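Reader: I would like to go through this model feature by feature. Please give the general idea each time, then the case at hand.

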Amino acid sequence: MDIFLDDKTLLHLLRAAARDSGIALAPAQVVRPTPLGLTTAKLNRLGVDSLLAYLRVPEDRPLGILVPDARSRVRSRGFDCSIDGFPRGTAPFRQLVSADPEHPSPLVPDSGAVYVLSPQNVALHMARRIRRMELGKKMGHAEAVLMILKLCLELCGTYVHDPFDPLRGEVAYGVEPSLTTEDLTAFLASFGTEQGLALAREAASYCYDLSGSPQESFLGPALFFPSRFGGLQLGEFVANGPLMLSPSQRELIGGRTITPDFQLVGYDAVIEYKGAVHEEGDNPRIDHVRALDYQTLGKRDFSFVYDDVCRQEDFNESAARIVAATAQRDGAKTVRRFERLRKDERFLERQRILFRVFRPWLR
């Protein structure tokens with residue numbers, strides 16, 4: 001029996017597979033979901049007891065599954081069905097497999113298969129859900145865009161949230177990105193009109209690759225995005241791209257490649273977020289060497305730590321350092337605009353929405 005996971009169960013397995021070395025999600029040949037074949041069913045007859053326990057079904061929530069049409073819905077307690085007859089793309093699904101074929105995982109069923117949507121389809125699928133909430137007046141457009149962007153930054157980043165407690169659970173770092181912004185943009189541009197597509201495209205247009213942490217994913221929008229999304233709009237930036245150095249500059253720093261979290265284009269300035277991991281092991285020494293390299297190259301180095309982004313007021317105080325530096329080139333108009341934003345209650349409310357989306361645990 002094939003099972004096509006959906007809703008929170010889908011996100012749980014997607015995140016779990018990125019963190020669990022024993023399982024993986026491999027491209028599958030199927031192009032549309034198939035029904036379970038029963039209008040009533042019981043969870044204990046699906047043959048995936050270990051997987052259901054792993055995903056905390058039904059203790060935390062029902063099993064979310066995808067079905068091709070309304071007639072295929074399972075009308076039993078413990079199931080939550082969504083309809084999507086033809087997910088997009090040439091390989092819309094990933095199949096749950098053991099990471100090492102010689103050591104089968106008990107999470108992989110002996111018969112049948114378990115599928116999840118591809119990361120591109122996950123972004124679109126969730127955009128469809130968020131768009132319905134927006135149309136139902138449960139959230140505004142800016143919040144809807146930021147909700148999808150937050151998911152896209154995680155899918156395109158090198159971290160993954162806890163599958164079961166994404167707000168307060170432990171984050172896994174240094175994982176392989178599930179997606180690239182280039183692939184996501186191409187995927188969303190490849191077909192026409194449907195609910196959630198415009199929202200997904202708008203969010204994808206602001207996404208960037210290789211974000212290293214939830215804090216870094218917050219910092220980019222907060223510093224650089226348009227004020228209608230609660231961003232300070234401090235100018236053009238490059239995220240997680242290597243510094244473009246001349247041969248002579250490379251000689252000064254021993255030929256090393258340096259990749260800041262953010263570069264302020266045109267200002268010879270970089271921004272780094274230094275979370276708790278920067279205090280571990282050899283990281284303090286590495287950070288010190290990198291800071292010296294920035295000085296050698298004539299780059300202004302702005303570092304943010306957790307206390308700088310913990311609260312809205314703290315963040316604006318910390319961002320004022322960057323504003324003051326850019327004002328040296330752009331003049332007092334930069335400072336005046338920043339101060340106007342800090343006193344504009346409409347902007348501050350939009351900034352609160354940005355905080356609420358990316359930092360909901362602070363509420």
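Reader: How much space lies in the largest cavity?

Author: A cavity is a set of points on a 1 Å grid, over the protein atoms alone, where a 1.4 Å probe fits but cannot get out. Grid points are joined across faces, edges and corners, and a volume is the space filled by probe spheres set on the points. Here the largest cavity holds about 100 Å³. The search of the whole structure finds two cavities of 30 Å³ or more. This is a predicted model, in which local features need pLDDT of at least 70 and side-chain atom pairs count only at pLDDT 80 or more, while totals for chains, interfaces and linings use all residues. Residues are numbered from 1 along each chain as its sequence is written, and side-chain values use heavy atoms, with hydrogens and water left out.

Reader: Which residues lie nearest the centre of the largest cavity, and which element gives the largest share of its lining?

Author: Lining residues have an atom within 4 Å of a point. The largest cavity has 14 of them, with E154, L155, Y159, V160 and S178 nearest its centre. Helices (H or I, at least four residues) and strands (E, at least two) are DSSP runs, numbered from the N terminus. Helix 1 (7–19), helix 4 (141–155) and strand 7 (159–160) each supply at least two lining residues, and helix 1 gives the largest share, four residues. For classes, Ala, Val, Leu, Ile, Met, Phe, Trp, Tyr, Cys and Pro count as nonpolar, Asp, Glu, Lys and Arg as charged, and the others, Gly among them, as polar. The lining of the largest cavity divides into nine nonpolar, two polar and three charged residues.

Reader: What lines the second largest cavity?

Author: The second largest cavity, with a volume of about 40 Å³, is lined by K150, Y159, H161, P214, S217 and F358. That lining has three nonpolar, two polar and one charged residues.

Reader: At what angle do helix 3 and helix 4 cross?

Author: Axes are lines fitted to C-alpha atoms, for helices over the stretch in contact, and angles run from 0 to 180 degrees between N-to-C directions. The axes of helix 3 (residues 119–135) and helix 4 come within 10 Å and cross at roughly 165°. Helix 3 is therefore roughly antiparallel to helix 4; angles under 35 degrees count as roughly parallel, over 145 as roughly antiparallel, 65 to 115 as roughly perpendicular and the rest as oblique. Contact means heavy atoms within 4.5 Å. Among the residues making the contact are V122, M126 and I130 of helix 3 and A144, I148 and L151 of helix 4. The contact divides into 12 nonpolar, one polar and one charged residues.

Reader: How do helix 7 and helix 11 compare, parallel or perpendicular?

Author: The axes of helix 7 (residues 214–224) and helix 11 (residues 312–330) come within 11 Å and cross at roughly 65°, so the two helices are roughly perpendicular. F218, L219, A222 and L223 in helix 7 meet F315, A319 and I322 in helix 11. This contact has seven nonpolar, no polar and no charged residues.

Note on methods: On a 1 Å grid over the protein atoms alone, a cavity is a set of points where a 1.4 Å probe fits but cannot get out, and a pocket is an open set with protein on both sides within 12 Å along at least five of seven lines; lining residues have an atom within 4 Å of a point.
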